[in-house]
Amino acid sequence: MIKIYNTLTRKKENFTEQEKGVVKFYCCGPTVYNCIHMGNARPICVCDVIRKYLEHKGFRVIYVQNFTDIDDKIISIANEAGTDYLTISRKYIAEYKKDARGLNVREATVHPLATENIDYMLKMISGLIDKGYAYRSVSGDVYFDVAKFKDYGKLSGQSIKDLESGARVEIDGSKRNPLDFVLWKKAKVGEPFWSSPFGDGRPGWHIECSAMIYRYLGDTVDIHFGGQDLIFPHHENEIAQSECFNGKALANYWMHNGYINVNNQKMSKSLNNFFTVREISEKYGYDVIRFFMLSSHYRSPLNYSEEVLEQCKRSLERLRTCRGNLDFLRDRSSGQKSLEAKELLNGLLEYREEFFKAMDDDFNTADAISALFNLTKKINVVVADERQVSLGFINEAIRIFDELCGILGIAFASKTGKVSKGYVEGLIQKREKARNEKNWELADALRDELKNIGVKLEDTAEGVRWSFLD
Ligand SMILES: [Zn+2]
């Protein structure tokens with residue numbers, strides 16, 4: 001049974017999906033006005049592992065992650081560059097995808113764009129106005145009226161009063177309450193706008209996520225994920241909009257990842273202590289970044305330093321060496337038959353179980369990685385004494401090793417940088433299984449993953465044939 005820490009109830013709860021076997025999973029995506037920094041990469045890597053783990057457990061996962069492609073910052077960068085907002089947002093979506101591919105993060109089932117979902121936002125805003133939850137201010141903007149929603153503050157565990165006194169809210173005479181937030185911004189000269197029943201303008205940020213969930217996943221998602229800095233006001237506002245619009249819970253499990261710290265300070269754009277994924281990847285490689293992101297449990301803070309990245313690099317090398325030794329021994333012992341030592345195989349299964357136990361416990365990748373290293377140690381001890389090694393043991397060790405690394409999405413490449421044959425064949429088998437089960441989303445996603453690692457597939461009458469792309 002998978003247990004998830006739910007921010008809403010502040011408890012670890014057993015995970016139960018709404019529709020049997022299907023997980024509706026939403027993660028707030030980036031605002032695309034520059035290359036992503038390390039802090040942005042954490043939720044992306046964590047969500048990818050959660051998705052892979054759920055799929056491994058047999059769930060069909062519908063994963064939606066938006067791109068905010070219209071926003072004040074995008075507009076101002078476009079103006080500075082003498083171009084339009086679309087040029088900027090499209091450019092940084094392409095850059096995002098390049099980093100995500102490098103991090104071995106699979107594309108979402110849907111990556112909706114804010115500007116392609118304006119109709120859904122307008123429908124929600126109109127609905128909220130009709131029900132009396134939103135109003136048009138004298139300034140011409142449309143606001144959500146927080147005083148009308150009695151549950152406002154439930155995610156962050158604060159009352160409207162606490163939030164009013166704690167938050168730095170600017171006094172704006174056109175709002176009824178300082179916490180009221182904008183749903184529709186009246187058009188300004190020189191800015192892009194859309195026409196609407198409440199006048200020309202553009203959407204506020206929070207309504208985007210509510211509208212995309214409504215369109216692609218329905219009223220209630222199983223899992224809603226985001227950084228902990230989004231709890232208030234962003235997720236509180238998503239809840240207010242969606243729950244007042246459709247009268248149902250927006251999400252059953254609210255998950256939030258911790259910050260990445262540099263010298264005990266949160267890594268952020270505003271503190272200017274951030275590093276982009278691109279610059280770190282050039283120095284250490286994307287696989288080291290992914291390993292680093294998973295080296296702590298997602299809710300704990302993650303300390304960034306060059307020493308930690310060096311350690312991650314060495315850890316990955318240890319995994320690769322172990323995997324490389326297994327390939328070497330398998331090639332040498334092919335055809336040779338020897339008896340399997342049962343207790344040796346049981347030893348491997350014990351660590352596999354340890355790994356699954358850690359992942360079931362709120363996706364504890366830190367403990368799962370410890371189990372993987374225990375497995376590696378065990379394998380190393382056995383293969384060091386060649387007399388003990390049977391082909392059965394090697395094959396089983398490879399199967400378990402690739403299974404666990406596959407869930408974490410790490411160490412799939414050999415020392416030469418080429419992806420191992422076993423890893424490719426594992427993915428192909430998974431894709432075959434998904435196709436037999438008519439799970440087309442997963443089958444397509446696996447085909448994309450294979451393409452990302454440079455594998456060409458050919459479906460022939462005799463089965464799937466594969467080769468490395470040049
Ligand atoms: Zn969101």
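Student: Donors are N, O and S atoms within 2.8 Å of the metal (3.2 Å for Na, K and Ca), and water is not among the atoms, so sites may look incomplete. Which residues coordinate the zinc ion here?

Tutor: C28 (SG), C209 (SG), H234 (NE2) and E238 (OE) coordinate the zinc ion, at 2.1 to 2.2 Å. This is a predicted model, in which local features need pLDDT of at least 70 and side-chain atom pairs count only at pLDDT 80 or more, while totals for chains, interfaces and linings use all residues. Residues are numbered from 1 along each chain as its sequence is written, and side-chain values use heavy atoms, with hydrogens and water left out.

Student: What spacing do the donors follow along the chain?

Tutor: The spacing is C-x180-C-x24-H-x3-E.

Student: New topic. How many salt bridges are in the whole structure?

Tutor: The search finds 35. A salt bridge is a side-chain nitrogen of Lys or Arg within 4 Å of a carboxyl oxygen of Asp or Glu. One of them joins K57 and D360, at 3.1 Å from N to O.

Student: Where do K57 and D360 lie?

Tutor: K57 is in the loop between α1 (38-56) and β4 (60-65), and D360 is in helix α11 (residues 342-360), so the pair ties together parts that are 303 residues apart in sequence. K57 is partly exposed, at 36%, whereas D360 is buried, at 14%.

Student: What does D287 pair with?

Tutor: D287 forms a salt bridge with R320, and their closest N and O atoms are 2.2 Å apart. D287 belongs to helix α9 (residues 286-294) and R320 to helix α10 (residues 306-333), 33 residues apart. D287 is partly exposed, at 28%, and R320 is buried, at 16%.

Student: Now the domains. Which ones does the assignment give?

Tutor: Domain 1 (3-294) and domain 2 (311-464); such bounds come from an automatic or database domain assignment. Their C-alpha centres lie 35 Å apart. The contact, meaning heavy atoms within 4.5 Å, takes 25 residues from domain 1 and 31 residues from domain 2.

Student: How much area do domain 1 and domain 2 bury between them?

Tutor: About 2,700 Å², 64% of it on carbon and sulfur atoms. Buried area is the accessible area (1.4 Å probe) that two parts lose on being put together, summed over both. In domain 1, Y53, F291 and L294 lose the most area to domain 2, together 28% of what that side buries.

Student: And how many salt bridges cross that interface of domain 1 and domain 2?

Tutor: The rule finds 5 salt bridges there.

Conventions. Helices (H or I, at least four residues) and strands (E, at least two) are DSSP runs, numbered from the N terminus. Buried means under 20% relative accessible area, exposed over 50%, partly exposed in between (1.4 Å probe, protein chains only).
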